Amino acid sequence: MDKQEELLKDAESLAKHMSSYNCDLAPDLISESDCSAEAKEQLLVQCENIWVQMEKCQSKLNQLGTETLPETDTQLFLLMMQVKSLMAECTQWQKKEPEIISANQEVLLTLGKQELQKVNRELEMVLSSVRSKNRKLKEELKMEQRWLEEQQQLVQALSSRQEELKNHVVQISEKRVCREVEQKIIKIRAYEQELLGALGEFLGEHFPLPEKPEETSKKKKILPAGPATQLKTLHDILEELMNKLLATPHDPYVPITESDWPPYIELLLRYGIALRHPQDPNRIRLEAFHH
């Protein structure tokens with residue numbers, strides 16, 4: 001587009017100069033009455049003298065006769081003769097000084113006007129050509145501008161559509177991620193309940209509560225020394241340790257109470273499920289298996 005605008009400016013500038021020159025210069029510079037009869041007669045005499053000289057030169061050339069061509073290398077011989085002729089002609093032109101066609105001022109003025117009119121016609125042809133190109137460039141410029149506007153509108157429409165699709169995709173992706181996370185949480189909670197249920201059944205079957213002191217005393221016929229204490233099941237002990245570890249990971253220790261049956265505590269410690277506090281043996285914690 002920049003090159004077309006530069007060409008358009010140059011063409012307009014040239015057309016302006018050419019039109020001003022064409023307005024200042026008359027369309028017809030010479031006429032039949034510009035040159036007098038005496039000047040015409042003098043010019044004809046000079047032409048006849050030049051014609052006589054040309055006839056003399058032609059007769060001299062005819063007297064020289066023709067030169068026989070050699071039987072071999074005819075083409076080379078002709079080329080050499082052509083070279084000699086061109087060199088002689090070049091030398092002659094270099095020695096020759098420019099001559100004035102005629103000493104008559106009227107003849108020179110008429111010839112000058114003819115040459116100027118010839119140049120004027122050539123410049124008018126150039127001006128016409130430039131104006132035609134100028135019109136074409138203007139039409140092409142308008143077409144290019146329309147095309148540019150259409151492309152800009154298309155780009156604007158595509159950009160707005162892209163923004164809409166981008167926002168739509170973001171919303172859809174966020175909703176999808178939230179829905180997937182919720183489904184995973186539901187599955188994890190269901191799996192957690194299933195594990196806890198299976199763990200409770202396993203512990204209830206293989207690690208039941210110890211016999212009550214009353215039943216033991218009946219069997220041994222020995223009365224208990226003090227009030228009976230409600231003992232915790234192994235499931236309750238593990239649940240308490242897990243909740244403490246998840247709730248306060250910085251302080252996961254749980255104190256050992258009378259409700260904790262010592263064999264269960266010893267079982268957890270012996271198999272590495274629980275650990276004692278390094279400074280307080282009456283506090284234990286669950287081993288961090290998830291780390």
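User: Is R135 buried or exposed, and why?

Analyst: Buried means under 20% relative accessible area, exposed over 50%, and partly exposed in between (1.4 Å probe, protein chains only). R135 counts as exposed because its relative accessibility is 51%. This is a predicted model, in which local features need pLDDT of at least 70 and side-chain atom pairs count only at pLDDT 80 or more, while totals for chains, interfaces and linings use all residues. Residues are numbered from 1 along each chain as its sequence is written, and side-chain values use heavy atoms, with hydrogens and water left out.

User: Where does R135 lie?

Analyst: Helices (H or I, at least four residues) and strands (E, at least two) are DSSP runs, numbered from the N terminus. R135 is in helix α4, residues 105–206. The protein chain has seven helices and three strands in total, in the order α-α-α-α-α-α-β-α-β-β from the N terminus. Of its 291 residues, 14% count as buried.

User: Which residues make the nonpolar surface patch?

Analyst: Accessible areas come from the Shrake-Rupley method with a 1.4 Å probe, and for residues only the protein chains shown count as cover. I50, W51 and M54 make a nonpolar patch of about 350 Å². I50 lies in helix α2 (residues 37–64) and counts as partly exposed, at 48% relative accessibility.

User: How many salt bridges does the whole structure hold?

Analyst: Side chains of opposite charge can pair when their charged atoms come close. A salt bridge is a side-chain nitrogen of Lys or Arg within 4 Å of a carboxyl oxygen of Asp or Glu. The search finds five. One of them joins R161 and E164, with the closest N and O atoms 3.4 Å apart. Both residues lie in helix α4, three residues apart, which is about one turn of the helix.

User: What does the salt bridge between D260 and K232 tie together?

Analyst: The two side chains meet at 3.7 Å, N to O. D260 is in the loop between β1 (254–255) and α7 (262–270), and K232 in the loop between α5 (213–220) and α6 (234–247), so the pair ties together parts 28 residues apart in sequence. D260 counts as buried at 7% relative accessibility, whereas K232 is partly exposed at 22%. K232, E240 and D260 are linked in a network of salt bridges.

User: Where do D251 and R283 lie?

Analyst: Their side chains form a salt bridge at 3.3 Å, N to O. D251 lies in the loop between α6 and β1, and R283 in strand β3 (residues 283–286), so this pair ties together parts 32 residues apart in sequence.

User: How many disulfides does the structure hold?

Analyst: A disulfide is a covalent bond between the sulfur atoms of two cysteines. The criterion is a pair of cysteine sulfur atoms within 2.5 Å. The structure has zero disulfides. C57 is partly exposed, with a relative accessible area of 48%, and C178 counts as partly exposed at 46%.

Key
Patches are made of residues with over 30% relative accessible area and no salt bridge: like charges are joined within 9 Å, nonpolar side chains (Val, Leu, Ile, Met, Phe, Trp, Tyr) within 5 Å.
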